[in-house]
Amino acid sequence: MDIVIIGAGALGAYFGSRFHEGGANVTFLVREGRAKQLKTKGIKVASPKGDYRIDNPKYVTDVTEISHADLVLVCVKGYHVQGTINDLKSLTENGAYVLPILNGIEHVSMLQDQLGKDSVLGGLSFIIATLNEDGHVIHSSDFDNLIFGPLEPTQTTICKELDELLKKTNISGNNTDAILTELWKKYMFINAFSGITTATNLSIGPIRKEAETIRIVDMLLHEMQTLAKAYKVKITEEDVEEAKNKLRGLPDEATSSMHQDLRKGMTLEVDHLHGGAIRLAKAVGVEMPYTETIYGVIKPFENA
Ligand SMILES: NC(=O)C1=CN([C@@H]2O[C@H](COP(=O)(O)OP(=O)(O)OC[C@H]3O[C@@H](n4cnc5c(N)ncnc54)[C@H](OP(=O)(O)O)[C@@H]3O)[C@@H](O)[C@H]2O)C=CC1
Ligand SMILES: CC(C)(CO)C(=O)C(=O)O
């Protein structure tokens with residue numbers, strides 16, 4: 001399979017490397033700065049699932065240099081999705097499917113509106129990864145789940161093909177017919193986890209010790225459950241409990257990518273995640289006081 005990765009950051013470099021390891025033809029579509037780094041440093045992945053390196057990764061900065069793509073993985077931050085649209089248009093016009101795996105929900109309808117519904121698959125990932133100063137991937141969780149599935153009936157074949165490829169790689173994950181529900185469940189989880197870790201500037205360990213702080217997490221999860229319901233997606237109490245169990249199971253030092261970005265002084269995805277939920281809530285008359293509070297607390301650090 002010819003796979004293009006847009007955004008060779010932590011997520012893109014990790015999954016791109018694993019697909020390369022599994023035998024796919026992987027091209028990274030990157031911007032100038034990252035291109036220079038890939039040229040001089042290559043890609044290295046340090047991971048509990050096994051290290052991997054690509055000394056001379058195939059990368060381009062100009063989409064017209066890509067002659068064919070079956071699938072494009074969109075691995076940029078929420079606030080950079082709009083900037084990928086022209087590249088994605090060029091690739092989908094030549095037959096590629098687009099699989100966004102970033103956090104959040106708003107980008108899905110945005111991509112569908114601009115690229116056409118048939119081109120956009122549903123996707124998400126569970127992994128904890130970051131880039132070091134050499135642009136090498138530090139994968140620190142023992143999980144690396146890539147969940148995807150068709151949002152339109154026309155997409156079943158490409159999803160089955162991707163599922164077959166996935167089995168040849170070292171990536172965990174699966175093709176699901178319930179990708180919309182999975183997207184909302186991840187959105188619920190990430191808004192609570194990234195919200196509480198970033199707002200408190202703490203990893204999950206100390207947060208778990210305080211009943212009052214865990215209560216906020218509980219309220220954030222339930223607000224997202226109510227919002228999903230307003231968009232006709234059923235998140236059950238068991239799903240909320242599963243999210244809480246995930247938080248209970250993380251090591252003390254585990255934290256969200258947004259909190260890692262805060263620590264590094266990078267732009268935060270708070271508008272895409274919490275801001276997006278608040279916009280969706282306003283559109284359907286749902287109240288989200290805890291989410292609004294978390295958003296307000298984090299917002300001054302968005303471009304710190
Ligand atoms: N890191 C993690 O553990 C996880 C992250 N996520 C989600 O995945 C998404 C990506 O996160 P992450 O990988 O950490 O982010 P990073 O900041 O590490 O990577 C994003 C990359 O996108 C690149 N980029 C931005 N715009 C473009 C463009 N127009 N063309 C090509 N490349 C572009 C950036 O390049 P440049 O270097 O040029 O700025 C950067 O390398 C986020 O939504 C995050 O929430 C989800 C699960 C886990
Ligand atoms: C919660 C986690 C680590 C799971 O993948 C994540 O998505 C993030 O922090 O952005």
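Of the 304 residues of the protein, 45% count as buried; a residue is buried if 20 or more other C-beta atoms lie within 10 Å of its own, exposed if 12 or fewer, and partly exposed in between, with C-beta atoms placed from the backbone. The structure is a predicted model, in which local features need pLDDT of at least 70 and side-chain atom pairs count only at pLDDT 80 or more, while totals for chains, interfaces and linings use all residues. Residues are numbered from 1 along each chain as its sequence is written, chains are lettered from A, and ligands are numbered from 1 in the order in which they are written.

The protein contains 12 helices and 10 strands. Helices (H or I, at least four residues) and strands (E, at least two) are DSSP runs, numbered from the N terminus. The radius of gyration is 19 Å, close to the 19 Å that the globule rule gives for 304 residues, so the protein is as compact as a globular protein of that length. This radius is taken over C-alpha atoms, and the globule rule is 2.2 Å times the number of residues to the power 0.38. Along the principal axes, the C-alpha atoms fill a box of roughly 55 × 40 × 35 Å. Among contacts with a separation of 6 or more, 71% are between residues 24 or more positions apart; two residues are in contact if their C-beta atoms, placed from the backbone, lie within 7 Å.

The protein is divided into domain 1 (2-176) and domain 2 (181-301), with bounds that come from an automatic or database domain assignment. The C-alpha centres of the two domains lie 24 Å apart. Their contact takes 14 residues from domain 1 and 14 residues from domain 2. On the side of domain 1 that touches domain 2, helix H4 (106-115) and E8 each supply at least two residues, and the largest share, 4 residues, comes from E8. This side divides into 6 nonpolar, 6 polar and 2 charged residues. Ala, Val, Leu, Ile, Met, Phe, Trp, Tyr, Cys and Pro count as nonpolar, Asp, Glu, Lys and Arg as charged, and the others, Gly among them, as polar.

Strand E8 (122-131) also contributes to the shell around ligand 2, where E8 and helix H6 (179-200) each supply at least two residues. A residue is near a molecule if its C-beta atom, placed from the backbone, lies within 6 Å of it. The residues around ligand 2 are Asn103, Ser125, Phe126, Ile127, Ile128, Ile190, Phe193, Ser194, Ser256 and Ser257. E8 gives the most to this shell, with 4 residues.

Ligand 1 has 29 residues around it, of which Gly7, Gly9, Leu11, Arg31 and Leu102 come nearest. Helix H1 (10-21), helix H2 (32-41) and E8 are the elements that give two or more residues to this shell. E8 accounts for the largest share of the shell around ligand 1, 6 residues. The shell around ligand 1 has 13 nonpolar, 12 polar and 4 charged residues.

Helix H8 (residues 211-230) has 20 residues and reaches 29 Å from its first C-alpha to its last, close to the 28 Å expected at 1.5 Å a residue; the expected span is 1.5 Å times one less than the number of residues. The buried residues of H8 are Val217, Leu220, Leu221, Glu223, Met224, Gln225, Leu227 and Ala228. Their cover includes H6, helix H9 (237-249), helix H11 (270-284) and helix H12 (289-298).

Most residues other than glycine have a negative phi. Lys232, in the loop between H8 and H9, has a positive phi of about 65° although it is not a glycine. Lys232 counts as exposed because it has 7 C-beta neighbours inside 10 Å. Asn201, in the loop between H6 and helix H7 (204-208), likewise has a positive phi, of about 55°. Asn201 is exposed, with 12 other C-beta atoms within 10 Å.

Phe143 lies in strand E9 (residues 137-149) and is partly exposed, with 14 other C-beta atoms within 10 Å. Leaving aside neighbours within four places in sequence, Phe143 is in contact with Phe126, Ile127 and Ser172.
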